Structures are given as structure tokens and as C-alpha cells.
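Hi,

Here is the structure I promised to pass on. Have a look at it first, and my notes follow below.

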Amino acid sequence: VYPAADVLHLASRSDERFGPWAVDHLDEVLVDHAHLERKAATTALAVVARWPEATALIGPLCALAREELEHFELVCAHLQRRGVALRRQRPAPYAAALMQACRNDEPARRLDTLICCGLIEARSCERMLLLRDALARRADAPDGDVALVELYGSLLASEARHHATYLELAQACGHARAEITARLGELAAHEAAVIAAAPAVPRLHNTPPPA
Ligand SMILES: [Fe+2]
Ligand SMILES: [Fe+2]
């Protein structure tokens with residue numbers, strides 16, 4: 001059921017303490033997560049808008065955007081169930097810092113953007129797995145939330161699939177397999193550096209304070 005680390009192409013593993021830390025700040029992380037799902041939908045559509053001539057992107061990314069919007073509504077429903085209002089929140093610096101590595105010339109920019117989007121999906125999946133496991137360990141506690149264990153179990157499978165979709169789309173756009181693999185390695189190393197430097201504010205893409 002769970003995607004293996006190498007399938008996600010991440011260059012680092014998250015700190016194991018991420019799960020318990022996120023559960024300690026669960027409602028704050030859930031609000032962040034809701035915004036991330038909404039942003040994943042708009043990012044997919046922004047990619048379609050930026051490269052409209054790459055028609056191979058249209059079908060898969062519209063489907064992906066619809067799915068992310070469903071995830072947004074799902075997370076919002078869980079917030080409502082928990083009596084938490086969706087509110088504006090300062091996002092983690094992660095995505096913007098990651099995207100800074102995208103080259104400016106075409107078609108390199110398109111390739112880098114697709115890979116970075118894929119890496120965000122991969123890291124989200126990895127983090128959701130840690131969160132799911134931490135929630136499962138506390139399921140029997142007075143503040144345990146079994147419904148969230150199920151939510152994260154289902155979402156992380158989708159995010160693993162989205163990771164694969166972005167890499168497949170890079171190939172569908174005509175980028176050579178060897179070039180995709182080489183650039184994926186470079187950008188995954190950058191991604192690992194970005195997430196290692198993330199602040200200790202509870203967000204899906206931040207990092208717990210040192211022990
Ligand atoms: Fe999602
Ligand atoms: Fe996703």
C-alpha cells in the first residue's frame with residue numbers, strides 16, 4: 001500500500017519526529033494542509049496555462065486539479081468536523097524555495113517545473129505517511145482521531161500517483177528520459193536541502209525544532 005522511498009525519488013528521509021510534532025499541532029497543520037491541496041489544484045492549472053501548446057498536459061493535469069480540489073474539500077470537511085475554522089495562514093517557504101531552482105530558458109523551465117511539482121507531491125506523500133502513522137499510534141488516546149488516520153491513508157496514495165504523473169508528463173512533452181533522470185537527481189538534492197532548512201513552524205513542509 002505504501003510507496004517505497006525510491007519510488008518517490010526523494011534524496012532525503014524526513015525526520016521521524018515530524019509525525020508526533022505535527023500531531024501536537026494538528027489543527028494548525030490541517031489548516032496548512034487544506035491550503036496546500038487548493039494550491040496543488042491551482043499550480044496544475046497554472047502549468048496548463050503557461051504551456052498551452054503542450055497539449056499532453058491538459059487532460060492529466062485537469063484531472064489532477066479536480067482531484068486536488070476534492071482533497072481540499074475533504075480536508076475542509078474534517079476541519080469542520082473538528083470545529084476548526086479555515087483561516088489565512090503564513091505558508092511554509094518550501095514550495096517557493098524549491099521552485100527557485102527552475103531554469104529560465106525553455107524547454108528547461110518546463111522540465112524543471114514538472115519535476116519540482118512532482119517532488120512536492122512526493123514529499124507531501126512521505127510527510128502524510130509519517131502523519132498517518134503518528135495519528136494511528138494515538139488513535140486510542142482521548143484526543144485520537146481515527147477518521148484522520150483513514151484520510152491520510154487514502155490521500156498519501158493519491159499523492160504518490162501524482163508524483164508519477166508529473167514525471168510521465170515530462171516524457172509526454174518530449175523531454176528525453178536521460179535528461180529527466182539527471183535533472184530529477186539534481187532537483188531532488190535541492191529539495192532535500194530546502195526542506196532541511198525549513199523553519200520550525202508547524203506546517204506539512206516544515207521541520208520540527210532540534211531535539
Ligand atoms: Fe492532494
Ligand atoms: Fe497531489
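A definition before anything else: when I say two residues are in contact, I mean that they have heavy atoms within 4.5 Å of each other. Also keep in mind that this is a predicted model.

Let me start with Gln89, which sits in the loop between α4 (58–81) and α5 (94–99). Is Gln89 buried or exposed? Its relative accessibility is 18%, so Gln89 counts as buried, the cut-off for that being under 20%. Setting aside its neighbours within four places in sequence, Gln89 touches Glu28, Val31, Asp32, His35 and Arg203. Two of the polar distances there involve backbone atoms: a polar atom of the Gln89 side chain is 3.0 Å from the backbone oxygen of Glu28, and a polar atom of that side chain is 3.1 Å from the backbone nitrogen of Asp32.

Now the metals. Which residues hold the iron ion (ligand 1)? Its protein donors are Glu37 (OE), Glu68 (OE), His71 (ND1) and Glu159 (OE), at 2.0 to 2.2 Å. Along the chain, these donors follow the spacing E-x30-E-x2-H-x87-E. The angles among the four donor atoms run from 88 to 138 degrees, and the site comes out as irregular. Distant parts of the chain are linked here: Glu37 belongs to helix α3 (residues 26–50) and Glu159 to helix α7 (residues 146–172), 122 residues apart. Glu37 has 3% relative accessibility and so counts as buried; Glu159, at 2%, therefore counts as buried too.

On to the iron ion (ligand 2). Glu159 and His162 are separated by about one helical turn, because they are three residues apart in helix α7. Both of them are buried.

How far apart are the iron ion (ligand 1) and the iron ion (ligand 2)? They lie 3.5 Å apart, with Glu68 bridging them.

Cheers

Terms used
Residues are numbered from 1 along each chain as its sequence is written. Chains are lettered from A and ligands numbered from 1 in the order in which they are written. This is a predicted model: local features need pLDDT of at least 70, side-chain atom pairs count only at pLDDT 80 or more; totals for chains, interfaces and linings use all residues. Side-chain values use heavy atoms; hydrogens and water are left out. Helices (H or I, at least four residues) and strands (E, at least two) are DSSP runs, numbered from the N terminus. Buried means under 20% relative accessible area, exposed over 50%, partly exposed in between (1.4 Å probe, protein chains only). A polar contact is a pair of N or O atoms within 3.5 Å; within protein, one must be able to donate a hydrogen and the other to accept it, and residues adjacent in sequence count only if both atoms are side-chain atoms. Donors are N, O and S atoms within 2.8 Å of the metal (3.2 Å for Na, K and Ca); water is not among the atoms, so sites may look incomplete. Four donors count as tetrahedral if all angles lie between 85 and 135 degrees; four count as square planar and six as octahedral if opposite donors are over 155 degrees apart and all others between 65 and 115; anything else is irregular.
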